[in-house]
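Colleague: I have a new model open. Please show me how to read it.
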Amino acid sequence: MKIYTRVGDQGMTKQVSGKMVSKTDAQIVTLGDIDELQSYLGVVVASLKPDQTDLIDELSEVQRKLYVVEADISVKRHQEMTPADTTHLEARIDDFIANAPELKEFILPGGSPAGANIHYARTVARRAERSAVALNAEQPLEPAILTYLNRLSDYFFAMARYVNHQDGYEEILSNKEKADRKAARDVKRQAKKF
């Protein structure tokens, strides 16, 4: 079986319905952005430690759920996303926040390899959401799709902070002056121990 069809050689592609559209069509762009997020989650999973199997399993489920989102977007009368999908993400966000340091300032994205990758997944999720919002203006989507995509970026932000905390990474404040003062306080605390 060949994986190339040559159908898209002139910048067109075929939707599930069989209709030929430009590769810049809002639906195609949205599906591509969701596919990118789904693929990047594979990078995230590869960067997790072997003892983080709970997160590996959880992210694999998100990848599967993104297939459902794609089907709901591209196949007429296919509607599997529900508000319960978003409610599940919200519960996990609350869990991650409860198990990470309190956030009082803006932080720089980064951290351990896994934490940095999850922060990046958050930005890819935001782009997929923006594409879905643009598509929704042309082809109304079920609200469950939009709320799920919106909550995903919050989910990844909370997960990144949780993973960085697990990995022993101390977050860097975005305000350099505050970060420098905090670093000086930390040095003083360490000096008092000796």
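Colleague: How many helices and strands does the chain have?

Modeller: Helices (H or I, at least four residues) and strands (E, at least two) are DSSP runs, numbered from the N terminus. Here the chain has six helices and two strands. Along the sequence they follow the pattern β-β-α-α-α-α-α-α. This is a predicted model: local features need pLDDT of at least 70, side-chain atom pairs count only at pLDDT 80 or more, and totals for chains, interfaces and linings use all residues. Residues are numbered from 1 along each chain as its sequence is written, and side-chain values use heavy atoms, with hydrogens and water left out.

Colleague: Which residues of helix 3 are buried?

Modeller: Buried means under 20% relative accessible area, exposed over 50%, partly exposed in between (1.4 Å probe, protein chains only). In helix 3, the buried ones are Asp85, Thr86, Leu89, Arg92, Ile93 and Phe96. Seen down the axis, they fall within an arc of 120 degrees (directions from the helix axis to the C-beta atoms), so they line one face of helix 3. The face turned away from that buried side carries exposed Pro83, Asp94 and Ala98.

Colleague: What do the buried residues of helix 3 pack against?

Modeller: Contact means heavy atoms within 4.5 Å. The buried residues of helix 3 pack against helix 2 (53–74) and helix 5 (143–166).

Colleague: At what angle do helix 4 and helix 5 pack?

Modeller: Axes are lines fitted to C-alpha atoms, for helices over the stretch in contact, and angles run from 0 to 180 degrees between N-to-C directions. Helix 4 (residues 113–138) and helix 5 pack at about 170 degrees, with axes 8 Å apart. That makes helix 4 roughly antiparallel (over 145 degrees) to helix 5.

Notes
Angles under 35 degrees count as roughly parallel, over 145 as roughly antiparallel, 65 to 115 as roughly perpendicular and the rest as oblique.
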